[in-house]
Amino acid sequence: GPQRPACPQSAEYGSCALRKMSVMEALELLDQLVDESDPDVDFPNSYHAYQTAEGIRRAHPDKGRADWFHLVGLLHDLGKVLALFGEPQ
């Protein structure tokens with residue numbers, strides 16, 4: 001099929017050379033961000049990530065063996081850390 005042009009972020013971030021961090025470090029870094037989509041929230045962004053993962057676990061107990069499902073809830077906002085490196089929210 002036709003090849004899609006690379007996005008400009010791919011050239012800048014694709015090599016992961018800017019900064020390497022663990023998921024836990026990224027969650028902690030996310031707490032430094034004031035999320036423009038929810039600026040009035042009084043708790044850290046990482047708390048929202050844990051809330052989401054736990055909410056998925058509670059809402060879907062039948063998927064207990066599908067660890068990836070809970071993981072998606074935990075990771076869903078991690079891309080927002082790029083705002084701390086100059087990307088728009």
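The model is predicted.

**Stop 1: the whole protein**

Display the protein as a cartoon. There are 4 helices and 0 strands to be found, and along the sequence they follow the pattern α-α-α-α. The radius of gyration is 16 Å, whereas the globule rule gives 12 Å for 89 residues, so the protein is more spread out than a compact globule. Its C-alpha atoms fill a box of roughly 40 × 40 × 25 Å along the principal axes.

Of the 89 residues, 24% are buried. How do contacts reach along the sequence? Among those between residues at least 6 apart, 60% join residues at least 24 apart.

**Stop 2: the annotated site**

**Stop 3: H76**

Centre the view on H76, which is placed in the segment after α4 (67-75). Is H76 buried, partly exposed or exposed? Its relative accessible area is 38%, which means that H76 is partly exposed.

Now show the neighbours of H76. Leaving aside residues up to four places away in sequence, H76 touches H48 and T52. With side chains displayed, look between H76 and H48: their side chains make a polar contact of 3.1 Å.

**Stop 4: D77**

Move on to D77, also found in the segment after α4. The relative accessible area of D77 is 16%; because buried means under 20%, D77 counts as buried.

Which residues does D77 touch, not counting those up to four places away in sequence? They are L30 and H48. Finally, display the side chains of D77 and H76, which are joined by a polar contact of 3.3 Å.

**Stop 5: the site as a whole**

The side chain of H76 has a polar contact with that of H48 and another with that of D77. H48 is also among the residues that D77 touches.

Methods. Residues numbered from 1 in each chain as written. Predicted model: local features only at pLDDT ≥ 70, side-chain atom pairs only at ≥ 80, totals over all residues. Heavy atoms only, no water. Helix = DSSP H or I, 4+ residues; strand = E, 2+ residues; numbered from the N terminus. Buried < 20%, exposed > 50% of the residue type's maximum accessible area, 1.4 Å probe, protein only. Contact = heavy atoms within 4.5 Å. Polar contact = N/O pair within 3.5 Å; in protein donor to acceptor, adjacent residues only side chain to side chain. Rg over C-alpha atoms; globule rule 2.2 N^0.38 Å.
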